[in-house]
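Dear colleague,

Please find below the structure that I am handing over to you. My findings follow it.

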Amino acid sequence: MENQNNLKSLELLAPAGNMERLKTALHFGADAVYFAGKSYGLRAFSDNFPDAGIAEAVRCCHKAGARAYITLNIFAHNADFDGLKGFLDILTAASADAVIVSDPGIFAFVRKHAPGLDIHISTQANVTNAHSALFWAAQGARRIVLARELSLSEIKEIRAALPRNIELEAFCHGAMCISYSGRCLLSNYLSGRDGNRGECVQSCRWEYKMTEKQREGEPLTIQEDARGTYILNSRDLNTLAILDKLAGAGIKSFKVEGRVKSSFYVGSVINAYRRALDLYAAGGFSDTDMIAQLQSELDKTGSRGFTGGFYLNGRQQKDMQNLETSKPQQEAVFAAVVLGYDKKRGAAVIEQRNRFKRGDILEIVSPKIFGKSIKVHGMYDADGNPVTDALLVQQKLYLETDTVLEEGDILRL
């Protein structure tokens with residue numbers, strides 16, 4: 001059993017596709033945030049951070065007592081190295097805490113040109129055994145992000161084989177690739193957009209039909225069984241209920257997927273996992289009622305259905321696919337983000353994100369408040385005009401409530 005100091009050192013690692021999501025992750029208790037510049041990361045369709053914005057993002061993390069990890073996890077071609085030293089200089093000047101790397105060439109380049117940067121081995125490197133982990137440790141890696149295709153027992157074996165100063169990180173929540181640790185050519189083959197260079201169009205989630213050679217124009221929908229047709233469509237990973245088992249296996253950092261997801265998703269998921277990890281550190285993870293409540297929080301964020309992945313049953317897992325639809329389903333709607341609280345007016349200052357009306361019940365998502373709601377009664381705009389129907393996108397409003405909310409809190413319908 002890990003001692004109390006080890007429990008407190010567990011890290012909740014959040015995704016950030018832009019500055020708003022980064023600040024949301026920090027507000028809800030992330031210990032670290034990972035994000036990318038405009039090049040070298042595997043999420044080309046998220047906003048990402050311009051060179052000038054990276055230093056600000058790192059400062060924001062450090063001010064909150066959190067760490068900043070920058071993704072350099074593309075599979076690089078020769079031309080990609082032309083600007084890499086300059087980018088590493090930017091990261092070094094910004095005091096980034098680590099870079100996440102999958103390509104051996106980039107790894108060697110970072111070691112040579114930015115020796116002060118810690119290197120984390122990306123899940124794209126497919127570390128599925130202790131020998132691979134020891135190889136990367138011998139090269140100078142500080143942390144290894146394990147492949148998703150590992151069981152708890154395999155993780156324990158890898159942990160036991162490594163020096164104690166080498167950390168292990170694992171994905172705990174979010175979308176899963178149908179391919180081994182995301183090494184997939186499907187998107188590139190069908191659309192010309194390379195998933196291994198950050199441009200995946202998620203071809204695996206499309207609905208497919210096939211045509212017999214002699215019967216062109218008579219496509220048949222591919223069916224795995226009577227329930228549906230999305231044969232390559234994975235459910236989303238959800239390990240909240242087994243965080244204690246992952247920690248017991250030797251995981252130091254719990255990584256949430258989602259750099260292209262909304263701030264509502266980031267805030268809601270990080271809030272739930274922050275509370276779960278704190279519960280575990282305090283010795284109360286056996287509180288099944290609270291775990292169920294936190295699981296309910298995740299159900300409201302939007303998913304393709306959940307799976308525990310490979311952790312419990314290894315490669316014998318049978319519940320991985322969603323055969324019915326590739327579209328995320330969610331139980332709640334992002335109604336507003338809180339900008340602050342005006343004590344003189346007795347009102348929360350909010351920015352509308354989706355339509356809601358007088359009489360609606362808005363649930364509060366906050367790191368300091370749990371399980372409370374607000375009924376919309378008094379509401380008015382910046383000029384003091386009464387508002388009964390909040391239908392203007394991103395309109396600034398005052399929502400009368402005795403509950404003191406903080407900047408960054410979220411209201412959902």
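C61 counts as buried, at 0% relative accessibility; buried means under 20% relative accessible area, exposed over 50%, partly exposed in between (1.4 Å probe, protein chains only). C172 is likewise buried, with a relative accessible area of 0%. This is a predicted model, in which local features need pLDDT of at least 70 and side-chain atom pairs count only at pLDDT 80 or more, while totals for chains, interfaces and linings use all residues. Residues are numbered from 1 along each chain as its sequence is written, and side-chain values use heavy atoms, without hydrogens and water.

The whole structure contains zero disulfides (a disulfide being a pair of cysteine sulfur atoms within 2.5 Å). For C61, the closest cysteine sulfur is that of C60, and because the two are 6.1 Å apart, they are too far for a bond.

Helices (H or I, at least four residues) and strands (E, at least two) are DSSP runs, numbered from the N terminus.

Seven strands form an open sheet in the order 17-16-21-13-14-20-18, with antiparallel pairing; two strands pair if DSSP finds at least two bridges between them. Strand 17 (373-375) and strand 18 (379-381) are the edge strands, each pairing on one side only. Strand 18 and strand 20 (residues 396-400) pair in the antiparallel sense over three bridges.

Yours sincerely
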